[in-house]
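Please keep the sequence and the structure at hand while reading.

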Amino acid sequence: MKNSISGLYRLALAALFFLGSLTSSAQTVAPLVGTWNVRGTENNSTKFIAVMTFNAGGTMAEFDTAGTNSSASPAGGESIGLGKWKPTTTGFRFRSENYIYDQNGNLSRLSVGTCDVTIGTGQSTFKGSCTGNLYACSLSQCPGALTFGPAAFDVSGRKF
């Protein structure tokens with residue numbers, strides 16, 4: 001009886017180990033997932049640098065040089081950018097939004113950016129192209145009318 005119980009115990013442990021390894025190997029993490037140093041350029045001129053984090057669930061967060069710090073942007077400050085990402089047939093697409101405030105701290109615009117990127121061969125870099133739009137924004141209506149855009153720019157990133 002003791003041998004049959006220990007045999008069942010070993011069999012159950014082996015089954016759990018086997019099933020656990022199947023579920024682990026079936027899940028793959030997209031190479032975009034992680035934290036990246038990012039640079040946005042237009043005509044080879046740097047327009048911003050940022051830190052972006054892409055989460056496995058398809059969400060992202062961005063902190064850039066024009067964001068969250070009113071002294072970084074002469075026209076006022078920005079909120080942290082939040083967005084989502086998804087795989088495409090050639091790489092990944094992400095879209096982020098952030099609020100922009102005027103010099104008096106009043107909500108004035110909404111910035112919306114969409115980028116298509118491809119991951120480099122070592123999976124530690126990406127490059128791509130983006131479009132950005134600015135919309136009027138107030139507490140009563142956001143987004144409002146398109147005030148600027150679409151503006152095209154390039155983006156590149158290096159994983160932390």
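## Confidence in the model

Over residues 68-72 the pLDDT stays under 50, and for this stretch the model has 10 contacts beyond four places in sequence. This is a predicted model, and for the protein chain the mean pLDDT is 83, with 76% of the residues reaching 70 or more. A further stretch with pLDDT below 50 covers residues 15-26, which have zero contacts in the model beyond near neighbours in sequence.

## Overall make-up

The protein chain has 160 residues, of which 27% count as buried. Its accessible surface comes to about 10,200 Å², and carbon and sulfur atoms contribute 57% of that area.

## Aromatic pairs

A pair of aromatic rings is described by two quantities, the distance of the centres and the angle of the planes. By the rule used here, the count for this model comes to six aromatic pairs. One of them is the edge-to-face pair of F54 and F126, for which the distance is 6.5 Å centre to centre and the angle between the planes is 85°. Because F54 lies in strand β2 (residues 45-54) and F126 in strand β7, this pair ties together parts that are 72 residues apart in sequence. F54 counts as buried because its relative accessibility is 1%, below the cut-off of 20%, and F126 is likewise buried, with a relative accessible area of 1%.

F126 also forms an edge-to-face pair with F94, at 6.4 Å centre to centre and with 65° between the planes. Here F94 belongs to strand β5 (residues 92-101) and F126 to strand β7, so the pair ties together parts that are 32 residues apart in sequence. With a relative accessibility of 2%, F94 counts as buried. Ring pairs link F54, F94 and F126, together with W36, into a cluster.

The relative accessible area of N133 is 17%, and because buried means under 20%, N133 falls into the buried class.

## A nonpolar patch on the surface

On the surface, F63, I80 and L82 form a nonpolar patch, and together these residues have about 300 Å² of accessible area. F63 lies in strand β3, which covers residues 59-64. The phenylalanines F54, F126 and F94, by contrast, count as buried.

Technical notes: Residues numbered from 1 in each chain as written. Predicted model: local features only at pLDDT ≥ 70, side-chain atom pairs only at ≥ 80, totals over all residues. Heavy atoms only, no water. Patch = residues over 30% accessible without salt bridge, like charges linked within 9 Å, V, L, I, M, F, W, Y side chains within 5 Å. Areas by Shrake-Rupley, 256 points an atom, 1.4 Å probe, with all protein chains shown as cover. Salt bridge = Lys/Arg side-chain N within 4 Å of Asp/Glu carboxyl O. Helix = DSSP H or I, 4+ residues; strand = E, 2+ residues; numbered from the N terminus. Buried < 20%, exposed > 50% of the residue type's maximum accessible area, 1.4 Å probe, protein only. Phe/Tyr/Trp six-rings, centres within 6.5 Å; stacked < 30°, edge-to-face > 60°. pLDDT = per-residue confidence, 0-100. Contact = heavy atoms within 4.5 Å.
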